[in-house]
Amino acid sequence: MNKNHSPELINLEGWPFRVSKASQRSTPSKVLILLHGHLGNENVMWIFTKPLPDDYTILSPRAPQKMGPDQFSWHKIGLRWPDLNEYQDLFNQLLKRIEVWLEENEIQAKQFDLMGFSQGAVMAYAMAISHPEIIRRVAVIAGFIPNTWGEQIEDSNLKGKQFFIAHGTKDDIIPIRKAYRAQKWLENHGAQVNFCEAEIGHKLSAGCFNGLEDFFT
C-alpha cells in the first residue's frame, strides 16, 4: 500500500508538481501521473493513491489555468470542449517536464500510467488516444470522450491497453451515458475496459475506490 501522505512540492519550468518517489523499485519503473479536475490542484488527487503499491513513482501536476484561490483548470470552460489538438499541446508540455524530472532522478520509464478525474479524465483520454505507445494503464473517474474530437480519433489503435472507468449513476455533471459511450468506443478500438458504477454523483464510490487497487497492482 502507498503510504506517502506528504508528497514533495517542486516546480518544473513554471508548473508546480507534487511528487512521490517509489519506496520499492520495480523493473521497469512504474510511474503514475495524476490529473485533477476543473477547479482542483496538485493536492486533491492523492487520496486516490492510498490503495496503490509502494513501487509507484507518482507525479501530480497543477493545471496551468488559474481560476481562483488554489483553483486551477487544464483549460477554460466554454460551450464546446476543446479540440484534441489543444489537449495534445498540453500533454506535450506536461510530458516534457516529467521526462526531465525522471532523468534527473535516474528513473527510467518508457510507459506511464494515468489517473484522471472529470476534466482531468478527459485529459487522460486525450493522452492515451494520442500516444498509446507510451501509455500503459488508465483510470478514468467521472470522465468521457468529447464528441468534438470526431474524425480525429477514428483511426486510433488501443489494442491491449487497460482502462478502469468509474462513474456514478447519479452524476448530473457528466451523465453516465457518456461513460458508457466511452467504454464502447474504447472496446471497439481494442482496449480492455473494467467498468465500475455506483449509485452516487460526480465522485468516486467506496467500491470503485477498492477496484483501483486491483487495477494498478
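Is Glu-13 buried, partly exposed or exposed, and at what relative accessibility? I looked this up before anything else, in a model that is predicted. Glu-13 counts as partly exposed, at 48% relative accessibility.

**Entry: salt bridge of Glu-13**

I looked for the partner of Glu-13 and found a salt bridge with Lys-96, where the closest N and O atoms are 3.8 Å apart. Glu-13 sits in the loop between strand 1 (8–12) and strand 2 (15–20), while Lys-96 sits in helix 1 (residues 84–104). I noted that this pair links distant parts of the chain, 83 residues apart. Lys-96 is partly exposed, with a relative accessible area of 48%.

**Entry: other salt bridges**

How many salt bridges does the structure hold? I got five. Side chains of opposite charge can pair when their charged atoms come close. I followed up two further pairs.

One of them is Arg-62 with Glu-42, whose side chains meet at 2.8 Å, N to O. I checked accessibility on both sides: Arg-62 is partly exposed at 22%, whereas Glu-42 is buried at 3%. The cut-off for buried is under 20% relative accessible area, so the 22% of Arg-62 places it in the partly exposed class.

The side chains of Lys-170 and Glu-199 form another salt bridge, at 3.5 Å from N to O. Lys-170 belongs to the loop between strand 9 (162–168) and helix 3 (176–188), and Glu-199 to the loop between strand 10 and helix 4, so this pair ties together parts that are 29 residues apart in sequence. I found Lys-170 exposed, and Glu-199 as well.

**Entry: disulfide**

I searched the whole structure for disulfides and found one. The disulfide joins Cys-196 to Cys-208, with an S to S distance of 2.0 Å. About the S-S bond I read -95°, and the link is left-handed. Which elements does the pair of Cys-196 and Cys-208 tie together? Cys-196 lies in strand 10 (residues 192–198) and Cys-208 in helix 4 (residues 206–216), so the tie is between parts 12 residues apart in sequence. Cys-196 is buried at a relative accessible area of 16%. Cys-208 is buried too, at 2%.

Ala-139 stands opposite Phe-164 in strand 9.

**Entry: helices on the sheet**

**Entry: Ser-60**

I went back to Glu-42 and looked at its backbone. The backbone oxygen of Glu-42 is 3.0 Å from a polar atom of the Ser-60 side chain. Ser-60 is in strand 4. Is Ser-60 buried or exposed? I found Ser-60 buried, with a relative accessible area of 0%. Not counting residues up to four places away in sequence, Ser-60 touches Pro-16, Phe-17, Arg-18, Leu-34, Glu-42 and Trp-46.

**Entry: Trp-46**

I then took up Trp-46, which lies in the loop between strand 3 and strand 4. Trp-46 counts as buried, at 10% relative accessibility. With neighbours within four places in sequence left aside, its contacts are Pro-7, Arg-18, Val-19, Ser-20, Leu-34, Ile-58 and Ser-60. I also took the C-alpha to C-alpha distance from Trp-46 to Gly-207, which is 18 Å. In sequence, Trp-46 and Gly-207 are 161 residues apart.

Terms used
Residues numbered from 1 in each chain as written. Predicted model: local features only at pLDDT ≥ 70, side-chain atom pairs only at ≥ 80, totals over all residues. Heavy atoms only, no water. Disulfide = S-S within 2.5 Å. Helix = DSSP H or I, 4+ residues; strand = E, 2+ residues; numbered from the N terminus. Buried < 20%, exposed > 50% of the residue type's maximum accessible area, 1.4 Å probe, protein only. Salt bridge = Lys/Arg side-chain N within 4 Å of Asp/Glu carboxyl O. Pairing = 2+ DSSP bridges. Polar contact = N/O pair within 3.5 Å; in protein donor to acceptor, adjacent residues only side chain to side chain. Contact = heavy atoms within 4.5 Å.
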